[in-house]
Amino acid sequence: MIMGISDAASLGPCEVLSGCYSGLFASKKTQLKAPFNPHLKSKGRRAHLQKKSQFLKFQCQKTDGVTEISSEDGNGFWRKEPSTVKNQLLHDDAFQKVLGVDDTKQARRDKKGFCIEDEGWNLLHESIVYYCGTPVGTIAAKDLTDGNALNYDQVFIRDFIPSGIAFLLKGEYDIVRNFILHTLQLQSWEKTMDCHSPGQGLMPASFKVRTVPLDGDDSATEEVLDPDFGEAAIGRVAPVDSGLWWIILLRAYGKCSGDLSVQERIDVQTGIKMILKLCLSDGFDMFPTLLVTDGSCMIDRRMGIHGHPLEIQALFYSALLCAREMLALEDGSADLVRALNNRLIALSFHIREYYWVDMKKLNEIYRYKTEEYSYDAVNKFNIYPDQIPPWLLEWMPNKGGYLIGNLQPAHMDFRFFSLGNLWAIISSLATNQQSHAILDLIEDKWSDLVADMPFKICYPSLEGQEWRIITGSDPKNTPWSYHNGGSWPTLLWQLTVACIKMNRPELAAKAVEVAGKRLSADKWPEYYDTKSGRLIGKQSRLYQTWSIAGFLVAKLLLADPGAAKMLWNDEDAGIISAISFMTDSCSPRRKRGRKPLKQTFIV
Ligand code: GLC
């Protein structure tokens with residue numbers, strides 16, 4: 001069933017008011033009958049929080065014993081599924097011991113019985129941002145030690161994803177639903193940078209709830225949601241990943257809560273289509289990968305990832321699959337679905353074939369012929385073998401491989417980017433074999449990628465002249481710091497989903513254990529510095545929400561691995577058979593002109 005506009009009557013007051021696209025997205029406080037008003041800094045709020053933390057304490061204790069978890073916590077939707085062999089394994093006592101889940105009760109509590117998940121949950125709830133009394137997201141960081149909040153006092157779309165997943169896993173669905181619907185309203189916001197507007201369908205990087213004087217009435221105020229599409233962000237970077245994350249979270253919300261009415265709403269369907277149209281629109285590009293500017297994702301500043309960075313491609317692929325699952329089938333969307341399907345096939349072929357490196361592929365590249373002018377070229381992108389960096393010849397294990405960070409004409413960025421590789425596993429962009437090989441590499445290179453704090457954002461770091469040229473001498477991105485090889489605890493949750501999907505949760509459990517020893521004591525930093533991640537990042541925020549949420553999600557998923565399914569995409573049989581068809585037809589030996597998949601679609 002698709003919800004119509006008339007169903008707006010069932011929405012809260014903010015949602016109804018924000019339904020009109022013109023003017024400010026605002027509502028008068030006085031008009032509200034919201035269930036819970038945070039601006040009443042009153043006993044009511046305290047009582048509410050107290051009640052919540054009591055509830056959380058109870059929950060935290062319950063997660064100690066995996067088998068005690070029942071569908072009572074609101075996640076019955078997934079638990080109703082028949083247990084798979086994997087789930088049985090994960091609920092097996094011996095297996096739990098390997099994961100370190102059964103004996104964590106003691107380990108996680110200090111002498112006063114303090115549990116770091118309790119602390120995490122309290123902090124996560126304190127980071128909630130309210131709009132007209134309704135929870136709509138979480139602030140990026142609540143670091144009271146830092147006087148200059150910059151934009152860390154905003155709700156970032158990408159940062160909210162682990163928060164949203166944590167809330168879903170706890171059965172706190174409202175905040176996720178509100179986040180989805182309010183950010184949807186921001187999608188159409190008219191914003192410009194020096195008279196130029198971003199493409200329609202772009203989701204903001206972040207938004208802030210501002211209290212402003214009410215027009216024509218000095219005595220009253222109103223709250224407005226103020227989005228930032230990158231026009232105020234450092235470096236003015238466009239958040240290409242926001243819309244992709246939004247689609248991924250929307251699907252997870254439906255799967256976890258069982259409430260499909262949100263994704264079926266007409267405005268939500270339109271939002272999905274707008275994102276897809278923006279991503280699938282024709283440009284000058286020859287490749288199926290999404291062409292983006294530097295810093296368009298988690299790494300939101302200059303790091304040499306302009307072009308076709310892996311992270312965006314993996315999120316794009318995942319979002320296409322999620323959207324396909326949710327799009328209502330109707331005549332008007334047939335062309336869009338066809339374009340989407342074609343893109344899925346072309347994208348997965350391209351990444352699996354050209355981004356993959358392992359010892360075998362390195363050998364091939366090492367002996368590449370160059371300057372091949374022909375349709376049958378083996379070295380299609382004219383890669384000069386000298387480009388293989390010396391570190392990689394040492395670093396590449398015999399067993400294992402990974403997807404490179406970026407591919408451009410005559411350029412392979414051989415750095416290992418974690419989020420892209422992990423999300424390639426989660427979305428099934430990588431083959432089953434490649435996914436295992438990526439985890440093999442992570443296992444083999446544990447001391448480089450995990451070391452004292454999981455997980456390196458990329459490996460290795462840029463140094464010297466390369467650092468100067470590529471980062472523009474960015475003092476925040478010095479070697480082994482921040483985006484340049486820093487260690488980001490938030491990546492734990494993605495590592496966990498990837499490991500659970502590949503039935504190797506013990507790897508994630510090991511990383512969670514490493515993080516668990518320091519995160520709370522170090523005040524939940526945003527990132528860590530140095531090659532082994534031993535120091536808290538020099539400009540790192542403390543109490544960074546996605547560090548907290550990432551840890552909580554990893555813990556919850558290890559305790560209930562079946563729930564991770566709401567995040568991953570299974571390998572699609574149609575895509576596999578199309579790819580094997582393409583592998584034949586794209587082989588250098590194929591006859592030119594045989595282009596079975598070439599069709600034109602109006603998007
Ligand atoms: C940094 C990160 C970015 C994150 C933001 C807010 O800019 O690079 O990914 O969204 O902080 O935490």
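Me: Where is the place of Pro460?
Reply: Pro460 sits in the loop between E10 and helix H20 (464-471). Those labels are DSSP runs numbered from the N terminus: helices are H or I with at least four residues, strands are E with at least two. Bear in mind that this is a predicted model, where local features need pLDDT of at least 70 and side-chain atom pairs count only at pLDDT 80 or more, while totals for chains, interfaces and linings use all residues. Residues are numbered from 1 along each chain as its sequence is written, and side-chain values use heavy atoms, with hydrogens and water left out.

Me: What is omega near for the peptide bond from Tyr459 to Pro460?
Reply: Omega is near -10 degrees there, and the bond is cis. The bond from Pro454 to Phe455 is also cis, with omega near 10 degrees. Phe455 belongs to the loop between helix H19 (446-449) and E10.

Me: What makes E7 and E10 edge strands?
Reply: Their sheet is open, has four strands in the order E7-E8-E9-E10, and pairs antiparallel. Strand E7 (356-358) and strand E10 (458-459) each pair on one side only.

Me: Why do E9 and E10 count as a pair?
Reply: Two strands pair if DSSP finds at least two bridges between them. Phe417 stands opposite Cys458 in E10.

Me: Which strands does helix H14 lie across?
Reply: Helix H14 (residues 334-355) lies across E7, strand E8 (401-408) and E9, at about 105 degrees to E8. Contact here means heavy atoms within 4.5 Å. The axes are lines fitted to C-alpha atoms, for helices over the stretch in contact, and angles between N-to-C directions run from 0 to 180 degrees.

Me: How many bridges link E5 and E6?
Reply: Strand E5 (residues 206-214) and strand E6 (residues 217-228) pair in the antiparallel sense over nine bridges. Val212 stands opposite Glu222 in E6. In their hairpin, with two residues between the strands, Gly216 has a positive phi near 75 degrees.

Me: Why does the largest cavity lie where it does?
Reply: Domain 1 (2-90 + 127-272) and domain 2 (282-582) both give residues to its lining, so the largest cavity lies between them. The domain bounds come from an automatic or database assignment. Lining residues, those with an atom within 4 Å of a point, include Arg158, Trp245 and Trp546 here. H21 gives the largest share, three residues.

Me: How do the lining residues of the largest cavity divide?
Reply: Seven are nonpolar, two polar and one charged. Nonpolar means Ala, Val, Leu, Ile, Met, Phe, Trp, Tyr, Cys and Pro; charged means Asp, Glu, Lys and Arg; the others, Gly among them, are polar. The second largest cavity's lining has six nonpolar, one polar and one charged, and Phe417 is among its residues.

Methods
1 Å grid on protein atoms, 1.4 Å probe; cavity = no way out; pocket = protein on both sides within 12 Å on 5 of 7 lines; lining within 4 Å.
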